[in-house]
Amino acid sequence: MGLGILQHYTIEPADLEATKDFYVDVLGLDVGERPPLGFPGYWLYSGGVATVHLLGPRAPRAGITVRPPEMKLEHTGRLDHIAFAATGLAGVRARIKQHNVPFREQVLPRLGATQLFLHDPDGVGVEINFPPEETGT
């Protein structure tokens with residue numbers, strides 16, 4: 001049996017609310033249904049799928065490492081960034097600028113697709129990919 005699609009990625013943010021606000025206000029994800037897990041957190045939805053899970057403060061238990069909020073991680077292994085497919089380049093670009101989030105933009109040679117690169121409040125790299133027909137908007 002092979003792997004299927006990526007279901008979600010999980011972040012243990014230093015500031016739960018600021019990170020939730022970034023993914024909702026800047027990237028446009030929606031706060032959605034989350035099971036009662038016994039600790040605070042959010043499931044953020046993209047296209048009806050709980051794509052980003054945010055973990056709030058919780059007690060350590062067997063097999064679970066809880067990092068204190070003041071702990072700044074130098075890296076998370078070899079993870080570089082997470083990517084989303086998107087539409088509405090002009091609107092997304094404007095929303096990112098409205099929130100004063102630094103980003104880099106590039107057009108892929110030969111493919112003509114536009115990519116935006118930015119970081120969430122904890123330094124997680126985010127790539128947003130737009131189809132070639134939106135390049136130039």
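## Overall make-up

A residue is called buried when its relative accessible area is under 20%, exposed when over 50%, and partly exposed in between (1.4 Å probe, protein chains only). By that rule, 34% of the 137 residues of the chain are buried. The model is a predicted one, in which local features need pLDDT of at least 70 and side-chain atom pairs count only at pLDDT 80 or more, while totals for chains, interfaces and linings use all residues. Residues are numbered from 1 along each chain as its sequence is written, and side-chain values use heavy atoms, with hydrogens and water left out.

The chain holds two helices and eight strands; these are DSSP runs, numbered from the N terminus, with helices being H or I of at least four residues and strands E of at least two. Their order from the N terminus is β-α-β-β-β-β-α-β-β-β. The accessible surface is about 8,800 Å², and 57% of this belongs to carbon and sulfur atoms (Shrake-Rupley method with a 1.4 Å probe; for residues, only the protein chains shown count as cover). Among contacts (heavy atoms within 4.5 Å) with a separation of 6 or more, 50% join residues 24 or more positions apart.

## Strand β4 and its partners

Six of the seven residues of β4 are buried. Strands are taken to pair if DSSP finds at least two bridges between them. β4 runs antiparallel to β3, with six bridges, and parallel to β1, with three. Leu-54 of β4 is the bridge partner of Ile-11 and also of Tyr-42.

β3 and β4 form a hairpin with two residues between them. Gly-47, in the turn, has a positive phi of about 60°.

## The nonpolar core

A nonpolar core is a set of buried Ala, Val, Leu, Ile, Met, Phe, Trp, Tyr and Cys residues joined through side-chain atoms within 4.5 Å. The largest one has 25 residues, of which Tyr-23, Leu-27, Val-52, Ile-96, Leu-118 and Ile-128 touch the most other members. At least two residues each come from β1 (9-11), α1 (16-26), β3 (41-46), β4 (49-55), β5 (81-85), α2 (89-98), β7 and β8 (125-130). The largest share, four residues, comes from α1.

Leaving out residues up to four places away in sequence, Ile-128 touches Leu-27, Phe-84, Ala-86, Val-92, Ile-96, Thr-114, Gln-115, Leu-116 and Leu-118.

Lys-20 lies in helix α1. Lys-20 is buried, because its relative accessible area is 16%. Beyond its neighbours within four places in sequence, Lys-20 is in contact with Val-31, Tyr-42, Leu-44 and Leu-54. The side chains of Lys-20 and Asp-21 are joined by a polar contact of 3.0 Å. Such a contact is a pair of N or O atoms within 3.5 Å; within protein, one must be able to donate a hydrogen and the other to accept it, and residues adjacent in sequence count only if both atoms are side-chain atoms.

In α2, the buried residues are Leu-89, Val-92, Arg-93 and Ile-96. They lie on the same side of α2, because they cover an arc of only 100° around the axis (taken from the directions from the helix axis to the C-beta atoms). An α-helix has 3.6 residues a turn, so residues three or four places apart point the same way. The buried residues of α2 pack against α1, β6, β7 and β8. Asn-100, which follows α2, has a positive phi near 55°.

## The loop at Gly-112

Gly-112 sits in the loop between β6 (104-107) and β7 (114-119). Gly-112 is partly exposed, because its relative accessible area is 21%. Not counting residues up to four places away in sequence, Gly-112 touches Val-107, Pro-132 and Thr-135. Gly-136 is 24 residues from Gly-112 in sequence and 9.7 Å from it in space, C-alpha to C-alpha.
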